[in-house]
Amino acid sequence: MTSTVHRRGQLSAIAYLRWRMFVNGLRTRRGKMELVSRIIVTAAFAFGGLGGFAAALGTSWYFVEHDKAEFLAAVLWPVFFFWQVFPVMATAFTNNPDSSDLLRFPLSYRSFFVVRLAYGFFDPASTLGTLALIGILIGITVARPLLFPVALVVLLMFALFNLVLMQTVFSWVERWLAQRRTREIFGVLFILFMLSFQLIGPTMERLQKKPRPELQKAVEITTRVQAVLPPGLAADAIAQSTHAEYMVGFTSLLFLGTLTLAMGYLLHLRLRAQFRGENLSEVEARPTVVQAQGLQVGWELPGFSQSVAAVFEKEIRYVARSGPMLLTLIMPIFMLLVFRLGPMSPMRHSGLLNRAPDMALPGAAAYALLVLTNLVYNSFGGDAGGIQFFYAAPVGFRQIVLGKNLLHGAILVANTLLAWLAVTLFYGAPTPAVSIATLAGLLFAAPLNFTAGNLLSIYAPKKRDFATFGRQNVSQTTVLASLGVQIVIVGVGVAAFAIARFYKNLWIAVLVFLALALITFPLYVMVLRRMDDIAIERREPLIAELCRA
Amino acid sequence: MQSAPTIITQGLTRRFGELVAVEGVDLRVAPGQFFGFLGPNGAGKSTTIKMLTGLLAPSAGRIEILGLDLSAHPVEVKRQIGVVPEGMALFGRLTGAEFLSFAGRMYGLDRETAAKRAAELLDFMQLADQPKKLVTDYSHGMQKKLALAAAVIHGPKVLFLDEPFEGVDAIAAGTLKSMLQGMIARGATIFLTSHVLEIVERLCSHVAIIHQGRLVAQGSLEELRAGVQAKTPAGSGDGAAGEKLTLEQIFLSIVGGTRRTEQELSWLG
């Protein structure tokens, strides 16, 4: 009894803490700007969420009304994928603070677990996923009001499963990526996974040449497999109730509950380790014999000063040691795989990339720019207290920022090259016109992105831990501004390609992009030249934010 | 002939909104001095050292280091000074060698010299036995030693240290002290803040005391001692009867301070 009261007191104290942090944050002008940005970003998400809500509501109503409740799985699978994939794809836009700071207090493990789940619930993916599930619930209830209690219980369990799975995936991936050896294994597995996709095309072709029954059988197997997975189980639990097969439906619900418990157990293993003070460092066992260490001479960057080269080298080392960051950076290739196999695959008869496979490279390049958001728009976040070193050193901020931008550019180029190779493998080699138009598009987009990113990095910084996956605070101002810039870039890109395709001449897009690059590149140089003054002007808030414990 | 002071501040003031953290501080630190800057918590020590190193802009006043106005020549000044600020200013995801090499290059050393000095410093600071260890995994004492190594890698003429001995064990403190004394012997000037008065007394030749943002005393230890003894009435028990005052006694005498009664916080223990 006393411990329950004690725990309740702690949880309300944590809620109060978060509230006071929010209120106290409004004391500064930046804090107020953050609030305005948060409102706008939330409204944007809500707009998207309402679309999902309406679609989920309408579709689920249709299925239940027409006695096809089994097809609810078709609505639940997208919700499931969105809930699990969105936080990984859009880490720059998710705000999921680290709860391990609370461990200094006599917090019980149960409270720690609850707090971690509660923090996860406020992730945009969870909020939007929940909104879609509410839509499904309303759709089902409108079609058959008596199904409400069953649907409510099943969808609550489904929501809990998603919430727990998301946290489990994050915490385990973070664990695997923390050590160099497991990171390498992870990398090899990913490459094997990618290569295995190459076998799917020929296999599918062979299957298509053979008589239809085999393909039909494969579809049947897939349907059966999905039925024992969470979205299928949730759909089945509701569908069986429509046929008054309550025991069968209950069994599906029970199975879903068991999967939730299993995921919860895996999460428990990770959180328990964190609760006991696990340190995910890369320290090797202390050597018994002192290792002889040769001189580690720094890198040289032809054409750039010592300090720019030093910053570039430091940035490369930071990214190379950050498993979560590396994972984010290979996402464009992963997305190409998803497009290759997903509903937009050219192996199917419809789909965007089937109609326009030449857009695969520009799309991947645009996504490569998007995944840089975390790095570009908060480039000092990972430096934390090191920002004081930059201010104490006899080096101008334009050189520091240039060093950082060189890394961003290098990653962008590498990612685009990889995307080119992947597109060649998946869709056939892009034509020279597409390749050059993509390159020209990057020449326009990258300077614009870097300019906005450099300014935001100084005006709205947030301390960032490169070692943790998710569990980061993000500046809402940065989220809003980066979203705006990305929309402009993608909008201009789509418009340029659309015009070029309309006139059946992609060189038009090249000209448009190069003309725009003549504006964005000088803009980048102009802002870079002003960096020293801007950094001095923003010295105190920048140091205060990044040196915060 | 007396040489020009290494550090001069005139009317140095810093306000945070309504709060005046540092007010009208006039400091003079001569070349080769080991200068201790003392004060109770919240007195303005860290604010002052931040202003002296370019980490914080003064609201008013002037700072001159090595004959150069800091606001007019920040880069030239920074090239000749070394800093260990309050938060140590480390890059956690680098190894010790990588960080020192990076620091050296940022201070204008060529790649080979930076690497060579980094190796020497790691060896001197006894940090060389785990070359793959990231700075974030270092203990607090190891981080302090590394921060000091980074501050001296370019051979600065003036070194600013904010609480360099805080959280450092006796062995590490010994290493730091021997390095600092070596620098003083070679003509460098060191400006240090510390709460450990015994260390300041042992190391520093000159001391300034700041209290509630104002400089309340400045001079050599002997000058401060003489000043306090002159003010202390005979028989007060504060070393007045020819007994040599410790720095702690001088500090308490200047800053004041009250002992709380045992009755307070009676629920403790």
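These questions and answers look at a predicted model of two chains and ask what stands behind each description.

User: How do you know how confident the predictor is in chain A and in chain B?

Analyst: Look at pLDDT, which is the predictor's confidence in each residue, from 0 to 100. Chain A has a mean of 82, and 82% of its residues reach 70 or more. Chain B has a mean of 87, and 92% of its residues reach 70 or more. The model as a whole scores ipTM 0.83 and pTM 0.76.

User: Where in chain A is confidence lowest, and where is it highest?

Analyst: Helix 14 of chain A, residues 352–355, is lowest, at a mean of 58. Helix 21 of chain A, residues 507–529, is highest, at 95. There are also stretches to treat with care. Over residues 285–290 of chain A the pLDDT is below 50, and this stretch has 3 contacts in the model beyond near neighbours in sequence. Residues 346–350 of chain A also stay under 50, with 9 contacts beyond four places in sequence. Where pLDDT is low, the predicted coordinates should not be read in detail.

User: What makes helix 2 of chain A roughly parallel to helix 5 of chain A?

Analyst: Take the angle. Helix 2 (residues 29–65) and helix 5 (residues 124–143) of chain A pack at about 30 degrees, with their axes 7 Å apart. Angles under 35 degrees count as roughly parallel. Therefore helix 2 of chain A is roughly parallel to helix 5 of chain A. The crossing of these two helices is right-handed. By class, their contact has 17 nonpolar, 8 polar and 1 charged residues.

User: Which residues meet where helix 20 of chain A packs on helix 21 of chain A?

Analyst: From helix 20 of chain A come A:Val492, A:Ala496, A:Phe497, A:Ile499 and A:Ala500. From helix 21 of chain A come A:Ile508, A:Ala509, A:Val512, A:Phe513 and A:Leu516. The axes of helix 20 (residues 476–502) and helix 21 come within 8 Å and cross at roughly 145 degrees. By class, the contact has 10 nonpolar, no polar and no charged residues.

User: How do you know that strand 1 of chain B pairs with strand 2 of chain B?

Analyst: Count the bridges. Two strands pair if there are at least two bridges between them. Strand 1 (residues 7–16) and strand 2 (residues 19–29) of chain B are joined by 7 bridges, and they run antiparallel. That meets the cut-off, so they pair. For example, B:Thr9 stands opposite B:Leu27 in strand 2. The hairpin has 2 residues between its strands, and B:Gly17 takes a positive phi near 65 degrees there.

User: Why are strand 2 and strand 5 of chain B said to stand at the edges of their sheet?

Analyst: Their sheet is open, with 4 strands in the order 2-1-4-5 and antiparallel pairing. Strand 2 and strand 5 (68–69) each have a single partner strand, so one side of each is left without a neighbour in the sheet. Further in, strand 1 and strand 4 (residues 60–65) of chain B are joined by 5 bridges. There, the bridge partner of B:Ile7 is B:Ile65. Helix 1 of chain B lies across strand 1, strand 2 and strand 4, at about 120 degrees to strand 1.

User: What makes strand 6 and strand 10 edge strands in the sheet of 6 strands?

Analyst: Strand 6 (81–84) and strand 10 (214–220) of chain B each pair on one side only. The open sheet has the order 6-7-8-3-9-10, with mixed pairing. Its twist averages 15 degrees from one strand to the next. Strand 3 (residues 34–38) and strand 8 (residues 189–193) of chain B pair in the parallel sense over 4 bridges. B:Gly36 has B:Leu192 in strand 8 as its bridge partner. Helix 5 of chain B, residues 140–152, packs on the sheet and touches strand 6 and strand 7.

User: How many residues does each chain bring to the contact between chain A and chain B?

Analyst: Chain A brings 37 residues and chain B brings 40. Helix 11 (306–320), helix 17 (387–392) and helix 23 (539–546) of chain A each supply at least two residues of chain A's side. The largest share of that side, 6 residues, comes from helix 11 of chain A. By class, the side of chain A that touches chain B has 17 nonpolar, 10 polar and 10 charged residues.

Definitions and conventions
Residues are numbered from 1 along each chain as its sequence is written. Chains are lettered from A and ligands numbered from 1 in the order in which they are written. This is a predicted model: local features need pLDDT of at least 70, side-chain atom pairs count only at pLDDT 80 or more; totals for chains, interfaces and linings use all residues. Two residues are in contact if their C-beta atoms, placed from the backbone, lie within 7 Å. Ala, Val, Leu, Ile, Met, Phe, Trp, Tyr, Cys and Pro count as nonpolar, Asp, Glu, Lys and Arg as charged, and the others, Gly among them, as polar. Axes are lines fitted to C-alpha atoms, for helices over the stretch in contact, and angles run from 0 to 180 degrees between N-to-C directions. Angles under 35 degrees count as roughly parallel, over 145 as roughly antiparallel, 65 to 115 as roughly perpendicular and the rest as oblique. A crossing is left-handed if the near helix is turned anticlockwise from the far one by less than a right angle, and right-handed if clockwise.
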